[in-house]
Amino acid sequence: MLKIVKDSNPQLRKKCEEVPLPLSAEHKALIEEMMAYLKLSQDDEYREKHPECREGVGLAAPQVGHNLRMLVIAYDAPTEEDPNKRIEYELVNPKITANSIKKAFLQGGEGCLSVDDVHEGYVYRDFKIVVEAYDNLQGKKIHITARGYDAIVLQHEIDHLNGVLFYDHIDPKDPFKRLDNSVAI
């Protein structure tokens with residue numbers, strides 16, 4: 001079972017290395033194990049039996065001790081058109097290739113499996129982004145256009161690959177400052 005690296009570990013502040021494609025058997029096994037861990041973290045019964053496990057929607061390789069540009073995302077995202085919609089990616093070498101000027105933030109603040117302490121304040125991120133990456137689930141290079149919550153989750157996980165934690169974005173002088181034209185989610 002994977003072990004989550006906490007933010008007190010300087011390893012989380014290092015920039016991660018590109019992963020050679022096609023994926024080696026070792027890298028493929030790691031990203032699939034990360035997804036399995038993430039899905040288990042969303043299982044109420046599992047968390048009841050393992051109280052040290054917290055629920056997450058994303059996980060980056062440095063959070064499990066690997067300095068590699070890989071991340072997984074999995075969560076339910078129901079819409080009126082598709083009440084069973086689920087977002088799932090196993091991304092390798094993701095790059096943000098476009099972003100909006102408009103900003104967004106989670107009203108309740110962001111959390112992180114690697115961060116036990118509460119860090120209150122707004123984390124402003126781009127409302128819309130385009131990400132290019134290899135997706136292990138689809139077995140090919142993809143482009144993702146993400147808005148709102150989806151864009152926030154992707155940016156949070158990509159930050160991990162660059163040694164950045166969510167609370168680095170909080171204004172220390174005015175943590176709840178509202179930016180003009182920003183979208184609260």
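Asp-76 and Arg-86 form a salt bridge, their closest N and O atoms being 3.0 Å apart, where a salt bridge is a side-chain nitrogen of Lys or Arg within 4 Å of a carboxyl oxygen of Asp or Glu. This pair links distant parts of the chain, since Asp-76 lies in strand β2 and Arg-86 in strand β3, ten residues apart; helices (H or I, at least four residues) and strands (E, at least two) are DSSP runs, numbered from the N terminus. The structure is a predicted model, in which local features need pLDDT of at least 70 and side-chain atom pairs count only at pLDDT 80 or more, while totals for chains, interfaces and linings use all residues. Residues are numbered from 1 along each chain as its sequence is written, and side-chain values use heavy atoms, with hydrogens and water left out.

Asp-76 is exposed, with a relative accessible area of 55%, whereas Arg-86 is partly exposed at 30%; buried means under 20% relative accessible area, exposed over 50%, and partly exposed in between, for a 1.4 Å probe and protein chains only. Arg-86 also meets the side chain of Glu-88 in a salt bridge of 2.7 Å, N to O, and Glu-88 counts as partly exposed at 25% relative accessibility. Together with Lys-39, the residues Asp-76, Arg-86 and Glu-88 are linked in a network of salt bridges.

The structure holds 16 salt bridges, and one of them joins Lys-95 to Glu-18, with the closest N and O atoms 3.7 Å apart. Because Lys-95 lies in strand β3 (residues 86-99) and Glu-18 in the segment before α1, this pair ties together parts that are 77 residues apart in sequence.

We turn now to the nonpolar residues. The largest nonpolar core has 22 residues, and those with the most contacts inside it are Met-34, Leu-59 and Met-70; such a core is a set of buried Ala, Val, Leu, Ile, Met, Phe, Trp, Tyr and Cys residues joined through side-chain atoms within 4.5 Å. The elements that give two or more residues to this core are α1 (25-41) and β2 (70-76), and α1 gives the most, with six residues. A second, separate core of 20 residues includes Leu-71, Ala-77, Leu-91 and Leu-161.

Finally, the structure holds zero disulfides, a disulfide being a pair of cysteine sulfur atoms within 2.5 Å. Cys-16 is in no disulfide, and the nearest cysteine sulfur, that of Cys-112, is 13 Å away. The sulfur of Cys-53 is likewise 13 Å from its closest cysteine sulfur, in Cys-112, which is too far for a bond.
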